[in-house]
Amino acid sequence: DQTQIDDSIRTLSNHAKLLRGRNLTNLGSQFLLKDTHSQVWDPLHEYTDSSDSRGMDREELLQFLFELSHMRLGQDYNVKGLGDLKHVALIDMRHLGLVYMRKESARRFYPTRFALYLTSHVPLEQTTRGLIIVEPTFKVYAYTDSLLQVALLKQFVEVEYQLPNLVVGSITRAMVLDAVSRGIS
């Protein structure tokens with residue numbers, strides 16, 4: 001099941017030019033820096049654009065996404081009443097993190113905050129987490145507890161040590177050249 005998730009997300013990410021194989025592209029690094037609303041909608045835009053090539057009715061797919069965005073958080077919904085297209089889309093939305101299903105064959109699903117965020121402009125995050133200080137000597141101090149921010153930082157910074165809410169490192173010539181060689185600028 002995990003391989004299917006990885007393959008599904010990897011295929012979508014490669015099609016959107018966010019990844020080249022398993023490597024993050026320049027567009028991929030820009031995607032990680034976007035606001036949450038864009039991070040939710042960009043893959044869905046790619047997904048709906050390619051719906052015709054997968055034999056899915058785009059209008060019915062958009063209607064399902066709209067319905068999903070108006071469901072209640074924490075409420076469980078029955079899979080049984082869904083048609084074929086909605087069931088296929090539901091499995092894909094599970095892979096994208098818009099619904100929670102214990103496994104693909106589950107009879108019930110739960111919309112996540114991301115699904116409810118589709119038609120809303122209310123921010124998911126109430127506060128901005130993280131602060132990065134770069135000294136003139138290229139020494140970097142990143143105050144964050146976000147695993148995503150730490151992983152992104154490691155693309156450019158040689159980490160000297162890491163504490164639960166602080167990463168200290170340096171921007172080195174080798175790290176910059178490596179990032180540029182992977183298409184990140």
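A salt bridge here is a side-chain nitrogen of Lys or Arg within 4 Å of a carboxyl oxygen of Asp or Glu. The exercises below use this rule on a predicted model, in which the count comes to five salt bridges.

**Exercise 1. Find out what the salt bridge between Glu67 and Lys86 ties together.**

Step 1. Start with the distance: the side chains of Glu67 and Lys86 meet at 3.2 Å, N to O, and the cut-off is 4 Å.

Step 2. Now place both residues. Glu67 belongs to helix α4 (residues 58-69) and Lys86 to helix α5 (residues 84-96), so the bridge ties together parts that are 19 residues apart in sequence.

Step 3. Finish with accessibility. Lys86 has a relative accessible area of 16% and is buried, because buried means under 20%. Glu67, with 29%, counts as partly exposed.

**Exercise 2. Work out where Arg108 and its partner Asp76 lie, and how accessible each one is.**

Step 1. The closest N and O atoms of Arg108 and Asp76 are 2.6 Å apart, and the two form a salt bridge.

Step 2. Look up their places: Arg108 is in strand β5 (residues 108-111), while Asp76 is in the loop between α4 and β3 (77-78), so parts 32 residues apart in sequence are tied together.

Step 3. Check the accessible areas. Arg108 has 35% and is partly exposed; Asp76 has 25% and is partly exposed.

**Exercise 3. Decide whether Arg94 and Glu104 are buried or partly exposed.**

Step 1. Confirm the contact: Glu104 and Arg94 form a salt bridge through their side chains, at 3.9 Å from N to O.

Step 2. Arg94 sits in helix α5 and Glu104 in the loop between β4 (99-100) and β5, 10 residues apart.

Step 3. Compare with the 20% cut-off for buried. Arg94 has 12% relative accessibility and counts as buried, whereas Glu104 has 24% and is partly exposed.

**Exercise 4. Describe the second largest pocket by its space, its lining and its residue classes.**

Step 1. Begin with the space: the second largest pocket holds about 270 Å³.

Step 2. The elements giving two or more residues to the lining are α2 (26-32) and α7 (147-153).

Step 3. Sort the lining by class: eight residues are nonpolar, three are polar and one is charged.

Methods. Residues are numbered from 1 along each chain as its sequence is written. This is a predicted model: local features need pLDDT of at least 70, side-chain atom pairs count only at pLDDT 80 or more; totals for chains, interfaces and linings use all residues. Side-chain values use heavy atoms; hydrogens and water are left out. On a 1 Å grid over the protein atoms alone, a cavity is a set of points where a 1.4 Å probe fits but cannot get out, and a pocket is an open set with protein on both sides within 12 Å along at least five of seven lines; lining residues have an atom within 4 Å of a point. Grid points are joined across faces, edges and corners, and a volume is the space filled by probe spheres set on the points. Helices (H or I, at least four residues) and strands (E, at least two) are DSSP runs, numbered from the N terminus. Ala, Val, Leu, Ile, Met, Phe, Trp, Tyr, Cys and Pro count as nonpolar, Asp, Glu, Lys and Arg as charged, and the others, Gly among them, as polar. Buried means under 20% relative accessible area, exposed over 50%, partly exposed in between (1.4 Å probe, protein chains only).
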